[in-house]
Amino acid sequence: MLVQYIRNQKHEPIGCMVAVQQDDGRITIGVSLHNPKDKWDRSLARHIAIGRAHCDGVMPYIPSNKARYVAEGMRMMINRASKYFKDGQLSFYGV
């Protein structure tokens, strides 16, 4: 399992991405985003992202002000996952 935290230009955490390899060899990526109304909880963010990755990579609603950070994080995670899971096939649900 790969874990990566998404941060804004002020280096504040805004979310978490997790890549996992499923039993059938597919690699799915789960994303969780921080709601500004809530206090940042690293463990909860990771837990939600893991749950979404195991549900075939369900993506949350991404507000426009966080879209570029999520896109950059996704690009980095895809590169990392393709190297880490050498025998897996990246799978995207709804992307």
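This is a predicted model: local features need pLDDT of at least 70, side-chain atom pairs count only at pLDDT 80 or more; totals for chains, interfaces and linings use all residues.
1. A residue is called buried when its relative accessible area is under 20%, exposed when that area is over 50%, and partly exposed in between, with a 1.4 Å probe and protein chains only. At 57% relative accessibility, His-11 therefore counts as exposed. His-11 lies in the loop between S1 and S2; here helices (H or I, at least four residues) and strands (E, at least two) are DSSP runs, numbered from the N terminus.

2. Residues are numbered from 1 along each chain as its sequence is written, and side-chain values use heavy atoms, with hydrogens and water left out.

3. The sheet comes next. Four strands form an open sheet in the order S1-S2-S3-S4, and the pairing is mixed; two strands pair if DSSP finds at least two bridges between them. S1 and strand S4 (89-90) are the edge strands, each pairing on one side only. Strands of a sheet pair through backbone hydrogen bonds, either parallel or antiparallel.

4. S1 and S2 pair in the antiparallel sense over six bridges. Tyr-5 stands opposite Cys-16 in S2, and the bridge partner of Arg-7 in S2 is Pro-13. The hairpin of these two strands has five residues between them, and in this hairpin His-11 takes a positive phi near 65°. Most residues other than glycine have a negative phi. The positive value at His-11 occurs in a residue other than glycine.

5. S2 and S3 also pair in the antiparallel sense, over seven bridges. In S3, Ser-32 is the bridge partner of Cys-16, and Ile-27 is the bridge partner of Gln-21. The hairpin of S2 and S3 has four residues between the strands, and Gly-25 there takes a positive phi near 95°.

6. Gly-25 deserves a separate remark. Is this residue of the loop buried or exposed? Gly-25 is found in the loop between S2 and S3, yet Gly-25 is buried, with a relative accessible area of 18%. Leaving aside neighbours within four places in sequence, Gly-25 is in contact (heavy atoms within 4.5 Å) with Gly-88 and Gln-89. Gly-25 and Ile-14 are eleven residues apart in sequence and 29 Å apart in space, C-alpha to C-alpha.

7. S2 is mostly covered, since seven of its nine residues are buried. Met-17 has its place in strand S2 and, at 0% relative accessibility, counts as buried. Not counting residues up to four places away in sequence, Met-17 touches, among others, Leu-2, Ile-6, Val-31, Val-70, Met-74 and Met-77. The C-alpha atoms of Met-17 and Tyr-61, 44 residues apart along the chain, are separated by 14 Å.

8. Which residues touch the most other members of the largest nonpolar core? A nonpolar core is a set of buried Ala, Val, Leu, Ile, Met, Phe, Trp, Tyr and Cys residues joined through side-chain atoms within 4.5 Å. Of the 14 residues in the largest one, Ile-6, Met-17 and Ala-19 touch the most other members. Strand S1 (2-7), strand S2 (13-21), S3 and helix H2 (67-84) each supply at least two residues of this core. H2 gives the largest share, five residues. In soluble globular proteins, nonpolar side chains tend to be buried together.

9. Leaving aside neighbours within four places in sequence, Ala-19 is in contact with residues including Met-1, Leu-2, Ile-27, Met-77, Ala-81 and Phe-85. A second, separate core of seven residues includes Val-18, Val-20, Ala-45 and Ala-49.

10. On a 1 Å grid over the protein atoms alone, a pocket is an open set of points where a 1.4 Å probe fits, with protein on both sides within 12 Å along at least five of seven lines; lining residues have an atom within 4 Å of a point. Of the 13 residues that line the largest pocket, Leu-33, His-34, Asn-35, Leu-44 and Ile-48 are the closest to its centre. Strand S3 (26-33) and helix H1 (42-54) are the elements that give two or more residues to the lining, and the largest share, four residues, comes from H1.
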